[in-house]
Every structure is written in structure tokens, then in C-alpha cells.
Amino acid sequence: MPLNQDIKKVLVIGSGPIVIGQAAEFDYAGAQACRVLKDEGIEVVLVNSNPATIMTDKALADHIYLEPLTEETVKRIIEKEHPDSILCGLGGQTGLTIGMQLAKDGYLDKMGVKLLGTNAEAIDKAEDRQMFRDTMVKIHQPVVPSDIAYTVEHAKEIALEIGYPVIIRPAFTLGGAGGGVAYDEKELEIIAKNGLMLSPITQVLIERYIAGWKEIEFEVMRDSAGNVIAVCSMENFDPVGVHTGDSIVIAPAVTLADKEYQMLRSASLDIITELGIEGGCNCQFALNPESFEYSVIEVNPRVSRSSALASKATGYPIAKVTTKIALGYTLDEIRNDITGKTCACFEPTLDYVVVKLPKWPFDKFVNASRKLGTQMKATGEVMSIAPNFEMAVMKAVRGAEIGLDTLNNPALNSEDMQETLSLQDDNRLFRVFKALKEGVTIEEIHRITMIDEWFLGKLKNLADFEKEICAKPLSEEQYLKGKKLGYTDKALEKLSGGTLAYHRDCVYKMVDTCGAEFEAQTPYFYSTYDNHCEARAIHKTDKEKIIVLGSGPIRIGQGIEFDYSCVHCV
């Protein structure tokens, strides 16, 4: 279907100030939405209280309101601007909650304003814990034993019936806020009370804690005609119990057998179809590593943190396509900008591995608990791309700006691995690596941490290589092996204890969404070690070039102000 001609003026709701769980991902999504709307000749009204975002620039919207993101403020703007439509699914949980409040109050109908994209009923089915559970049961999708509570006393009754430990998941909150794992009634009382207070509808889900299961995500897309695709699969390094925003995440999912992958992909497409979502959607699953048993954890009926990762990992512009779908286009009508030839109904193909590593603020809060759980603590993240997991995780650690160029963390030197390996905190990756170097077996580490053996095997490759080159001159074969595992020359010199006799420059490969099946018009690149550099072959030009240095991961004291500056520079 072509552009809906009734859409002339759209109000876009932003995500407000950066908070844990809602950072630059939603500025990115909202800016993409504004660009699409402007390109379609639509008048754009934007409300966002954050002045540092690129969204609040004249280039991206016609009318900009730097106002508090509250229901009352948005009502005043609607009465002044009289938009015919409102777009709230790209402003994170903040934007979605405001849009839902206005729709439920009957205010949007009264003012003749249409909710673009996914309708209120579909959002309710995904966000309201009881409605979501009922919908999953209806389409025979397995859910973890759970029940809804509106009071602390009812929560206690449910927990006794289900059996401890339980996870408390508040409805309509961001980044797992107000949730947590309770191992007894005393812990439940504290967490449930906080969760009910933070939930806008005073509702929490009490759910059995399925510790040790894998956490898998699918980013899926649907249009109004019912076309559905899986954009990207992602897998958490940590098992269920650590919020996905606090876990290392790998794309595509790497430890699944084809039968497991197809089972969860089909489930994702069935779920988005039944919910009636139009645009991007994130489906989270728990998978029993010892069988084909799985459960649906939750669904985000909006562009989420994972959408930004999936967009960059695949080259598929989820926020842009979501906005196009909201305007009436179908997937087969939307062009893939990277290839210029394929359309948005082509599922991306990845011929590389992507690793996302969280950035935590514990350097600023030295006395804060470093324990990770269902409430997110990371303020930002870095992403790396490489042909293999080993190189990708090494690049991610260097990109995180934590003073490390390998997985050897001096802060853990005095730790006893037998006592600390079970700790679930921000040093878990480095602790597991140290244990492998000390000879602890993959089987033992898996038993303690429930991290999949595939990841442990890959980390063991790095540990074995470091032991192999320790305090001896490197052969050319060892040097090349080290480079393909992601080690810098400086790190190899330090590990081997001598000056290198070899040097090799990296080359750059393309992210093109299609595994090189079609030529890329606007690709982006990642570094690796190979004989052929795709960047030089494609981008030969006589023009002078300027390199712009970005600011790295979001952390306290360095938010999106510098992203804003770099965008203007470019």
C-alpha cells in the first residue's frame, strides 16, 4: 500500500533524559523516524525534554517543544498544533506509556488524532502481563508458571503456590525497573512492594525463576498486510536471571541447533502476528539447554534497546522501516538503502559475529553493589564485529574503555576462583577467563555458571593461545593466529615478553545485509585480518578525506552531547 494520504501532520514523542535502560538507542530511533516523515513531506511536531539529542534540531522537525514528557504537556501541544497522527513507539517506554495513556483516556479519539503503527489494543496485549499471558496461552506458546498480583499479600500467596525462587516483573516499566529475583518471602515483600509502586498500573507478574536456561531474542518485523520477517537473532552470554542490557549479547544466536533456531523463529513470527504489531518488535525466550523446552519471557511492542543493536548488527534500519510501515507502506514496497536493489522483506544474512558488551558506571559508584540481576545497571554499551567470536569479544573489551587490551584483568589477581566463580557481576567474563587459564575445566565452569559450553570453548581457545606463547619468541604462524584471535601487536609483545619480528595491517570488510549476494551502495565496515580489503576496493576517490572521532560508549559525564556534536560535524 502507498503512503496514507490522510497523514499530513505527525506528533513524535521522544524519550526524554537519558536514564539507565533508555539511552541513545531511542534518540537514534526517533531521529530516524523524523527523517522518514520529513522525506515524505509530512509536517513534524516533536516533543522531547532532552536538549542534547539530535532529534530536537530544526533539521529534523518543523515544530520542536522542549517540554516535560507528561500526559498534560502532550495534551496542550495537541490542542495547539492539531496533528492528525501521533507516533509514540520510537520514544522508548516513556513515549509508549504516554501514547497509551492518551489512547485509553479516549483523548486521541476526542481530538481526532490517530495512533500510528501498532494500535493500543496490541500494545496492551504485549505490555499488560495478564493479557500477554492469556494471548500466549491462546496460541499455544509456552509461558513460565506465573500469576498476576496487585498487592504484596497476593504476591506472597502466588509465590507460595509456584514455589521459590521467583522473578518479580512489573508491568509497563523500563529496564526491569522494580523487578528482581526473590528466594524467600522477606525478599519478595521488598521487591514486590517496589515493583507495584513503580508500575504505572500497579501490577506485577510473579514468575517461577528458571535459572540456567539460555536467553534468546528475536527482532522481528510485521506490516499491516501481515508480511513478517525475522531481522536478527541474538543470544545472551549469561543465562536467564541477568537483564539482557547487562549481559554480553551475541548476534546471530550461535549455540542453537537448526531445529532450535527454527522453533524460536517460528514462535516469534506467530507471536507478532497474533498480537497484530505493525513495525519492529522484540521477542525474548528462555530455552532449556538440555531439551527443546522453551518459554516466552516477554515481548516489547516497540523499538527497544535490542533494536539498535540488531539494526547495526545487520545493516537493516529497523526504526526507519517501522516508521514507513506506520505511514502505510508494506515491507515489499520499502527499499533497502544499503543494497539499493533489495526490499525490506528480505531477511538479512550475517557472515560475521557481533558482540555487544555493556558499559557499567561502577567506576563512579565504587561502593555500589556490582551484582547483576533482572534490574539493568549498565549506562551504555559497545559493539564489535569480527569473523569469529574470539576476535569480536577482544575488540569489544578494548572498545569499552576500561583500561584492558586482553581478557586478563589485574583486579582479579588476588581472587580465589573456587570462591568467586559463582559471582554474577560485571567481572564475570574476566573471572571465567582467569579460571580457564588456571586449568578449571569447561564442564566445571558450566556447572557453576551455566554459561553455554560453546562460549567457554571459545574463551578457552584464547586462554590456550596465551599459555602457548608465554615468555617465548613468536613464530610467524603464532603471530598470524594471534591476530586472527583479536590480539593487538602491543598485547602480543607483552604476552610473549619480546619484540615482534612480524607486523601485519588489518583490512576492512563490509556489513551489507546480504552476505555479499548484492553489491552494497552504502555499507559500513569492520576490521579483521585477511588478504583482501573491501573498503579500498570500493571507495577509491580523488577527494580529500577527513576522519571524525566519536566519543565511545555512553557513561556518566559523557552522554549523547558528543554524538550530537559529531553528527553536526559530519
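A salt bridge is a side-chain nitrogen of Lys or Arg within 4 Å of a carboxyl oxygen of Asp or Glu. By this rule the structure holds 27 salt bridges. The structure is a predicted model, in which local features need pLDDT of at least 70 and side-chain atom pairs count only at pLDDT 80 or more, while totals for chains, interfaces and linings use all residues. Residues are numbered from 1 along each chain as its sequence is written, and side-chain values use heavy atoms, with hydrogens and water left out.

**View 1. A salt bridge joins Glu43 and Lys9.** The N to O distance between the two side chains is 3.8 Å. Helices (H or I, at least four residues) and strands (E, at least two) are DSSP runs, numbered from the N terminus. Buried means under 20% relative accessible area, exposed means over 50%, and partly exposed is in between (1.4 Å probe, protein chains only). Glu43 is partly exposed, at 31% relative accessibility, whereas Lys9 is buried, at 13%.

**View 2. Arg431 and Glu415 meet in a salt bridge.** Their side chains are 2.8 Å apart, N to O. Arg431 lies in helix 14 (residues 428-437) and Glu415 in the loop between helix 12 (389-399) and helix 13 (417-420); the two residues are 16 residues apart, and the pair links distant parts of the chain. Arg431 has a relative accessibility of 2% and counts as buried. Glu415 has 22% and is partly exposed.

**View 3. Glu444 and Arg447 form a salt bridge within helix 15 (residues 442-449).** The N to O distance is 2.8 Å. Why are Glu444 and Arg447 separated by about one helical turn? Because they are three residues apart in the helix. Glu444 is partly exposed, with a relative accessibility of 26%, and Arg447 is exposed, with 55%. Elsewhere, salt bridges that share partners join Lys9, Glu43, Lys80 and Glu81 into one network.

**View 4. Tyr352 and Tyr526 form an aromatic pair.** A pair of aromatic rings is described by the distance of the centres and the angle of the planes. Rings of Phe, Tyr and Trp (its six-membered ring) pair if their centres lie within 6.5 Å; planes under 30 degrees apart count as stacked, over 60 as edge-to-face and the rest as tilted. The whole structure has 10 aromatic pairs. In the pair of Tyr352 and Tyr526, the centres are 5.5 Å apart and the planes make 55°, which is tilted. Tyr352 is in the loop between helix 11 (318-326) and strand 15 (353-359), and Tyr526 is in strand 18 (residues 524-528), so the pair ties together parts that are 174 residues apart in sequence. Both Tyr352 and Tyr526 are buried.

**View 5. Phe465 and Tyr487 form a tilted pair.** The ring centres are 5.4 Å apart and the planes stand at 40°. Phe465 comes from helix 16 (residues 453-469) and Tyr487 from the loop between helix 17 (476-484) and helix 18 (489-496), so the pair ties together parts that are 22 residues apart in sequence. Both Phe465 and Tyr487 are buried.

**View 6. Lys259 lies over the face of Phe292.** A charge sits over a ring if NZ of Lys or CZ of Arg is within 6 Å of the ring centre and within 35 degrees of the ring normal. Lys259 is 4.4 Å from the ring centre of Phe292. Lys324 lies over the face of Tyr329, at 5.1 Å from the ring centre.

View 7. Two strands pair if DSSP finds at least two bridges between them. Strand 7 (residues 166-170) and strand 9 (residues 204-208) are joined by five bridges, and Val166 stands opposite Arg208 in strand 9.
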